[in-house]
Amino acid sequence: MTQVDTLLASMLLHPRVEEQRIVDDGLRRRVAAGLPQLVPFRAPAYAALRTVLDWDHHLPSSALVARVFAYRSAEAAVAGASAIDRRLALIRTQNRFPEFDVPDFEGLPADETYQAGVSLDGKVDDPRLVSEWRRAVSERDARAALAAVRLSIELARIREEFPARQAFLGEPQVAQWVPPFEGDHSRWTVDVWYLLAVRGQEADGRSFLVDADEGRVVRMREIIVQMD
């Protein structure tokens, strides 16, 4: 079974999406086909994938939210399915009056959780990994990523291009894990940020995606970071 078939077979509609009758078989398939190929984080395969087309908290809805819950073990899959069932039961219990809000499927346990906006004609936005653990990069992987960036031609060129960069912006810093579809690489990469300038509550910079196993930068991109 392909990933598209798996996502399609597991697809669940939020009750308020189902009640509006805005999702047909064609839209389901467009969503499943529009999601990128997922690669488990340092595991040979997924034990299960579950998809939810979630409510946007508007009536009538102007868009949908696709959530993919990925499980890397049978135990995680069972726990995840139970959590989805409990949330669905809670929603149905509270879904009595359309003028009142009801919960959605955000925050459920999974080894990896992805989220993407979906238009009512089935166009899928670029998905994001939203699992909190994405920011937990081990010391070993962080050291390898930082070493690769500091020795890279890309960083040397950036430093030449921005000689007046202010010192308080600091050295390269490890930010998070990036899944293969976002990094356009066969493996997960470590995202290392290098800030260049601050503009109000935002900072411009560069993102270096590093294959920590190979110890090399595989991609560089421009970023805008919200400052705390």
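I began at R221, which is found in strand β9 (residues 216-226). Helices (H or I, at least four residues) and strands (E, at least two) are DSSP runs, numbered from the N terminus. The model is predicted: local features need pLDDT of at least 70, side-chain atom pairs count only at pLDDT 80 or more, and totals for chains, interfaces and linings use all residues. Residues are numbered from 1 along each chain as its sequence is written, and side-chain values use heavy atoms, with hydrogens and water left out.

**Entry: R221**

Is R221 buried or exposed? R221 counts as buried because its relative accessible area is 17%. I used these cut-offs: buried is under 20% relative accessible area, exposed is over 50%, and partly exposed is in between (1.4 Å probe, protein chains only).

I then looked up its polar contacts. A polar contact is a pair of N or O atoms within 3.5 Å; within protein, one must be able to donate a hydrogen and the other to accept it, and residues adjacent in sequence count only if both atoms are side-chain atoms. The R221 side chain makes one with the side chain of E182, at 3.1 Å. It makes another with the side chain of D191, at 3.4 Å.

Contact in general means heavy atoms within 4.5 Å. Setting aside neighbours within four places in sequence, I found R221 in contact with V178, E182, D191, G205, R206, S207 and L209.

**Entry: the largest pocket**

R221 turned up again here. The largest pocket has 18 lining residues, and R128, L129, Q176, E182 and R221 lie nearest its centre. It holds about 400 Å³ of space.

My terms come from a 1 Å grid over the protein atoms alone: a cavity is a set of points where a 1.4 Å probe fits but cannot get out, and a pocket is an open set with protein on both sides within 12 Å along at least five of seven lines; lining residues have an atom within 4 Å of a point. Grid points are joined across faces, edges and corners, and a volume is the space filled by probe spheres set on the points.

Which element gives the most to the lining of the largest pocket? I found that β9 does, with five residues. At least two lining residues each come from β5 (128-129), β6 (173-178), α7 (180-183), β7 (189-199) and β9.

**Entry: T189**

T189 has its place in strand β7. I list T189 as buried because its relative accessible area is 0%. Not counting residues up to four places away in sequence, T189 touches Q176, W177, V178, L209, V210, D211 and V218.

**Entry: nonpolar cores**

A nonpolar core is a set of buried Ala, Val, Leu, Ile, Met, Phe, Trp, Tyr and Cys residues joined through side-chain atoms within 4.5 Å. The largest has 56 residues, and V31, L53, F105 and V192 have the most contacts inside it. I followed F105. Leaving aside neighbours within four places in sequence, its contacts are L12, H14, V52, D54, R67, F69, I84, R87, L88 and I91. A second, separate core has five residues, including L169, L195, A203 and I223.

**Entry: salt bridges**

I searched the whole structure and found 18 salt bridges. Each is a side-chain nitrogen of Lys or Arg within 4 Å of a carboxyl oxygen of Asp or Glu.

D54 and R67, both in the F105 list, meet in one of them at 2.6 Å, N to O. This pair links distant parts of the chain: D54 is in strand β2 (residues 48-54) and R67 in strand β3 (residues 64-71), 13 residues apart. D54 and R67 are buried.

R72 forms another with E112, with the closest N and O atoms 2.7 Å apart. R72 is in the loop between β3 and α4 (74-94), E112 is in strand β4 (residues 112-118), and 40 residues separate them. I list R72 as partly exposed because its relative accessibility is 27%. E112 is at 0%, so it counts as buried.

**Entry: the loop between α4 and β4**

D111 is found in this loop. What does its side chain reach at 2.5 Å? The answer is the backbone nitrogen of R72. D111 and A77 are 34 residues apart in sequence, and 8.9 Å apart in space, C-alpha to C-alpha.

G107 is also in the loop between α4 and β4. I list G107 as exposed because its relative accessible area is 69%.
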